[in-house]
Amino acid sequence: MFDPLRDGRPARIDSCDWLSPSVLRLRLIPQRPLHYRAGQHLVLWTEAGVARPYSLASLPGEDPWLEFHLDCRQSGAFSDAARTMRPGDSLRLGELRGGALHYDPDWQARPLWLLAAGTGLAPLYGILREALRQEHQGPFGSCIWPTMPPSITSPRAWPPWPPHTRSCRSPTPARRSCPRLWPNCALSRAGPWPYSAASPTASIPSRGACIWPVFRATRCSPICFCRMRDDPGGAARGGAMSEHVLVEREQGLLTLRLNRLDKKNALTRAMYGRMAEVLQQAERDASVRAVLLTGGETCFTSGNDVADFIQAPPSGPDSEVFRFMRALFDFSKPVVAAVSGPAVGIGTTLLLHCDLVYVSRDALLKMPFVNLGLCPEFGSSLILPRLLGHARAAELLLLGESFGGEQALAWGIANQLLDDGAATLARAREMALGFQRLAPSAVLDSKRLMRAPGREELRRVIEEEGALFGQRLRSRKPWRP
């Protein structure tokens, strides 16, 4: 007879957050390592002796935690207890079961379709990541339902497999969903499918497949995101991608990487909007412990894409650039920056709102606002005179003089100077990952206390600067000597 107190493996709750009003994501750190396979399930025991099996959504060898998605729609002994769980609470791990649901290396070149309903997605998430880790070569996809349709209980009610038709061909697949917004997606016409099945099949598009769930559809509608085959890994590896802003996730670190090197990472309105959205999501995601901002090893950013901004100048607080500023200003978790090459305009001023900044010897920082007939932004007119003194701040803001990585370090804008871009990015990543080992609440409280003095004054200055900056930009009359 299994005794949870005697035989159970102790585990601590690392984080628990709600993916939806009824789905709790639970991440546990076992006291001793647990050897398991993607797709297996584990019996969880509360301290009161209540037990229930749940499928593992984590991937062994990559995730430091055990992840579970708990369906708490219906009242029950375990789901009721789950609603009161908090980080730091203890659970016991019971028997490890399952194995029928798994990824077989023999399937590597064959099409793979993953089908689930509700929280049946959890084990398929692990299966999908395992397939990608083993470099699955065939096309694959999934259909997910937020709830289980009653008609699905009878196999006779299942429709035939969808025909081999056109694949999804959206150039920007992120944030699109089937079926209404993607009528050309073969999977959007799949109809109901059985619960949590993984099986190879040849009846899916050859170039694209829907794999990423969204939980915003109507009852019993299959919902999915599209990943093109030329996006190796894509969202399923924990990163989301748009053309010019790459988002990567590693353990508790979220990296925002500017990816427009042909324009020296000049920032467009769309890029600002994307970064604001990612920061807002990271703020709500308890699994994100820190954010790393980088433009790569050769260039941070040349500032705003002036042509893009003149075409549609920011017209108010809801403009993309101001949403990004608010998202970074209000971000409660540590922000680390890795700066190499040019960091112009907001490429410099945003560093004043980061917690740790690492610069390379070839970094060149500059704020040429007045030179362009504009005015300082993002609170630089308040922060720099207080940090450097009025005289030096005037050289930087009124004359637009540039300065290098050594000066940034000496003036307290940067934490460390590195020899080159590769070393800078590696050091910044190392320090950002270090927050994974610290108590999250202690880090958040410490940052809040350090940022609190003068915060509301700084917020007002940012708003005033933004209004003047937009006004001068809309005038379309930059000063010329």
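**Entry 1: strand β6 and its partners**

I began with strand β6, where I found that the bridge partner of Arg9 is Leu93. Arg9 belongs to strand β1 (residues 9-20), which runs antiparallel to β6 and is joined to β6 by 4 bridges. I took helices (H or I, at least four residues) and strands (E, at least two) as DSSP runs, numbered from the N terminus, and I counted two strands as paired if DSSP finds at least two bridges between them.

I noted for myself that this is a predicted model, in which local features need pLDDT of at least 70 and side-chain atom pairs count only at pLDDT 80 or more, while totals for chains, interfaces and linings use all residues. Residues are numbered from 1 along each chain as its sequence is written, and side-chain values use heavy atoms, with hydrogens and water left out.

I then looked up strand β3 (residues 41-45), which is also antiparallel to β6 (residues 90-97) and is joined to β6 by 4 bridges. Leu44 has Leu93 as its bridge partner in β6, and Trp45 stands opposite Arg92 of β6.

**Entry 2: the sheet around β6**

Which strand order does the open sheet of 6 strands have? I read the order as β4-β3-β6-β1-β2-β5, with antiparallel pairing. At the edges I found β4 (51-55) and β5 (66-71), each of which pairs on one side only. Neighbouring strands of this sheet are turned by 40° against each other on average, direction ignored; the axes behind such angles are lines fitted to C-alpha atoms, for helices over the stretch in contact, and angles run from 0 to 180 degrees between N-to-C directions.

**Entry 3: the mixed sheet**

I next recorded an open sheet of 3 strands in the order β17-β19-β20, where the pairing is mixed. β17 (342-344) and β20 (403-404) are the edge strands with a single partner strand each, so one side of each has no neighbour in the sheet. Between β17 and strand β19 (residues 364-366) I noted parallel pairing over 3 bridges, and Val344 has Lys366 as its bridge partner in β19.

**Entry 4: strand β15**

Is strand β15 (residues 290-294) largely enclosed or left open? I found 5 of its 5 residues buried, so β15 is largely enclosed by the rest of the structure; buried means under 20% relative accessible area, exposed over 50% and partly exposed in between, with a 1.4 Å probe and protein chains only. Ala290, Leu292 and Thr294 lie on one side and Val291 and Leu293 on the other, and all are buried, so that both faces are covered. In a regular strand the side chains alternate between the two faces of the sheet. Strand β14 (residues 253-258) pairs with β15 in the parallel sense over 5 bridges, and Arg257 has Thr294 as its bridge partner there.

**Entry 5: helices α6 and α13**

I looked up helix α6 (residues 320-329) and helix α13 (residues 455-475), whose axes come within 12 Å and cross at roughly 170°. That makes α6 roughly antiparallel to α13, a term used for angles over 145 degrees. Phe322, Met325 and Phe329 of α6 meet Arg455, Leu458, Arg459, Ile462 and Gly466 of α13, where contact means heavy atoms within 4.5 Å. I counted the residues of this contact as 5 nonpolar, 1 polar and 2 charged, with Gly among the polar ones.

**Entry 6: the whole chain**

Finally, I recorded 13 helices and 21 strands in the protein chain, and 53% of its 481 residues count as buried.

Terms used
Parallel < 35°, antiparallel > 145°, perpendicular 65-115°, else oblique.
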